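I opened this model to look at one residue, then one interface, then one chain. My entries are below, in the order of looking.

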Amino acid sequence: MLVSELSLLLRRRRTKVLLAMLFVAPWLMGFIIFQFGGGNGGHGPDFLTMATHNAVFLVLASVSSLLPLLFPLAVSLIASDSIAGEASLGTLRYLLITPVSRMKLLLYKLLTSLIFVVIACVGADISGLIAGVVFFPTGRVVLLSGQTTSFSHGVLLALLASILVAMSLVSVVGIGLAISTFTDIPVGAALGSLGMVILSEILSNITQVRGIWPLLPTNYWLSFADLFRNPIRLDVIGKDFINQGVWLVFGFSLAAARFLNKDITS
Amino acid sequence: MKRFIRKAHNKVLYAAPLAIASSALAVSLIAPQVARAQTSNLAPVSPNQLVSWIQSDSPLPLTGTVSGTTSFPIPSASLLNGSNPPSALSGSTTESYNVWANGAGSFRSQQVTSGGEKDLYVNPGSVWLWDSSTLTATSEKASNGGTTASSGSNPAATASGIINNLSAYSNISVSGSTMVAGRPAYTLSIIPTATDSLIGSIQIAIDGQTHVPVQVQIFPKDSTTPAASLGFVTLTFAPQSSSIFSFTPPIGAKVVDGTSTAGAGSFSSGTGATGASKMVGTGFDSVVVVTPSAKMSSNLANIEKSLPKIATPTGTSVSLYSTPIFQAIILSNGTIIGGAVDTARLIQVASGL
Amino acid sequence: MAIETKGLTKSFGGPNVVNDVSLQVPIGSIYGFLGPNGSGKTTTIRMILGLVTPDRGEVAILGAKEPRLRQLQLSRLGAVVEGPGFYPYLSGFDNLKRFAQVAYPAQRKLNPATEKLSVKQINAGLERVGLLEAKDKNFRAYSLGMKQRLAVAAALLWPRELLVLDEPTNGLDPQGIVEVRELLTSLRQQGMTIFISSHLLSEVEITCSHVAVMSDGALLFQGSTRAFRGTLGDLFVLETENSGLAKSILLQLGFVDPVSIEIRQGGLSAKLVTDKIEEVVAALVHGGVGIRAVSRSSPSLEQAFVALTGRSGHAR
């Protein structure tokens, strides 16, 4: 059944377009930095400045600039579509009159979205690595700490970073899935879940609500940068892990509570 | 024969997401308020013993997090260099550093910014400052085994600097004990003998077990809250990997020789972009007199507009920059006179120029 | 009983959409579930299939022994609910394959003898509804009739004991309707119970062994088709030349225009379903209407339906 869900997802033109967009973005970014030089405009991680120095940093530069909008957009679209999309096509009622249980269907939808997140992040990462090798040097990698490490170790860190980025998007999957069970309009659900991400990003800039920052799903999104320090800092990554996990469990339990009770009238 | 299926409304299922949401909220809002209610139980010790522990600078490998707080705005070096607008003067500051010491003269402090970091690498014979946002490595003077450079983030270096420079001008006593980074610590109280000092006392906390200075707090006169403080928030004594301390400027980085000019972020004084400076007086009474460079003067002119004016006994007017533990006056010719002293002392120094 | 409900009641926040509906669908029957659009048929079907939770009442499918195993019943049941629902970007074949894949693990768990559907079986399913040639076309390119037939094919993917069809002939051309009808007859001969809802009486009239009539959420009648016709008395065709007066008298007596009153050139022909024809004739004569002829025959379902609901069977 997972195979069925995955092939259904990956055969959609929209999914292909989203993935292509995420995979091409690092090339675009690499080309721009190659042509016009780096510089992070005073905000954002220092990877942008460092991209011209090493292929590995193009990956990080592109991932950290995709993270605030493009990744959440893609993940919102996919996760919010999982139930609302089936409802809008009218296929949900036919899935539910097969002997499959609602809980199982929801679980498979969750798994499918999670796998999409991993494909998107690791794929964008590998695409960025290739672009980096094409545009920039492949020598020793300068860490944020100013120390250096071998290129192969840098590549390994970049791959680990993509896993962490995928982990950081798990909250969006949870939120998207929950919203997906409350509406039959997939675009509305996607906007709702993207809206939650943007709201979280806005709140994380308002110091008056500093107290709730640790709860925001986007609060630790740059934690993957901590891989590129020496020593590697695990505390923020750990907090991100817990934060994302809580959002995922919250989102899924809310989705389950709604979906198991829901009258399917679509 | 027949049984009927009934699907009950399982509204109770909503209990799960509700419970998760409310407990996450509770943990995040309540957890930080859990106070550390602990008391220390240390053997009595003499002030001289504490002073000798501070001076011995007994090397122990350690790692921890250091928090530096000032309750008043500080004109940063970058401000005086003209790289920041004058608005940077406002607000109090808290800086957090991750620090490591290997016990053999190497020290590292790391200031983590979002997506970047600023580092200080102190090794015997070399001191490097690293800033990832500009990819700049700045070499500093390796004087005093790097204690000067590291005093901003290393409580032990700061404490030994205070004892070495100020103990002769102070009354020193043991003021009791406290908890620093969850560990019991002695506190040494240093009270200026000079009456014109703004400083009420400096409190140095020394770890009860390892005798490493772990916290320095500066209290203004007649105040029980420190105006400036530097101390460990977390602290672990353990051997540290040598890879943490090694630093050579990476290929592609901008390398700046900071041994001749005053580099950004360092606390050293001298001649350079900021102009010429000299010290007048000793101990808590000491006052710095800065003759600013042309570039600095123009920046000062902006800052001066927002500062109050005071009259001197000779009838001239000077601008006053005032904090609880530091004051400076700016003379009409642009000369800056500053120190941890009252305005009478500053004006006295000014009249003696 | 293939399907049995007791006191099904449902509202979506307003007045009851379905009110105290108790159905009894015998095994082996073709059960016509009639009622105008909006009468609560679809909501009732959704409750039977577990898509909608009733506010009150109970459902049993194929005499379920395990109270919680809704899935068990569903594995023995195929359904078309409120039109086809498929993935427009998949071909007809891939759509069927998708539903086969989703259903297989659960089908298998409930009945270990279940085998994974082969390409051949899916093709056979498509052939049964005449879609084999269009199987690689995307669903979005199908005509409405093709879509409808694909839905029937999906409902018959696995061997079924019970088929629930909600408006299965919607959008089909007359040829398609005949084909569906033939398909249903052959399925019944294989021993399948068929529950079929419609607002069109004509399609039910020929095929159904049992009939239930819904109106405004309530069940008005349930029983065999023969009993349905029988409860309403006989059908009388009455001819007169004084059509205007006759019509006004008939309307006063509660007959419905235009279904049961038909004005022809030069006269009026009224088809009246009643067991009191004597009183009708007396009233007409008393009112001064000359009657040329009265003849008796069996009423059609249409007429019975109108008599029950007060609405035309074609009303939308």
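These are my notes on the structure shown above.

**Ground rules.** I am working with a predicted model, where local features need pLDDT of at least 70, side-chain atom pairs count only at pLDDT 80 or more, and totals for chains, interfaces and linings use all residues. Residues are numbered from 1 along each chain as its sequence is written, chains are lettered from A and ligands numbered from 1 in the order in which they are written, and side-chain values use heavy atoms, with hydrogens and water left out.

**Entry 1: Q147(A).** I looked up its place first. Q147(A) sits in the loop between β1 (141-142) and β2 (148-149) of chain A. I took helices (H or I, at least four residues) and strands (E, at least two) as DSSP runs, numbered from the N terminus.

Is Q147(A) buried or exposed? Q147(A) counts as buried because its relative accessibility is 7%. The cut-offs are under 20% relative accessible area for buried, over 50% for exposed and partly exposed in between (1.4 Å probe, protein chains only).

Next I checked its neighbours, with contact meaning heavy atoms within 4.5 Å. Leaving out residues up to four places away in sequence, Q147(A) touches V141(A), V142(A) and N230(A), and also R108(B), Y121(B), S243(B), I244(B), F245(B) and S246(B). With N230(A) there is a side-chain to side-chain polar contact at 2.5 Å. For that term I used a pair of N or O atoms within 3.5 Å; within protein, one must be able to donate a hydrogen and the other to accept it, and residues adjacent in sequence count only if both atoms are side-chain atoms.

**Entry 2: chain A against chain B.** I found 33 residues of chain A in contact with 40 residues of chain B. Between the two chains, 12 residue pairs are in polar contact (both at pLDDT 80 or more). I also found one salt bridge between them. R229(A) and E117(B) meet in a salt bridge through their side chains (2.7 Å, N to O). The rule there is a side-chain nitrogen of Lys or Arg within 4 Å of a carboxyl oxygen of Asp or Glu.

Which elements supply the chain A side? α3 (47-50) and α11 (235-261) of chain A each give at least two residues of the side that touches chain B. The largest share, 10 residues, comes from α11(A).

**Entry 3: chain B.** I counted seven helices and 18 strands in chain B. Of its 353 residues, 43% count as buried. Among contacts in chain B between residues at least 6 apart in sequence, 53% join residues at least 24 apart.
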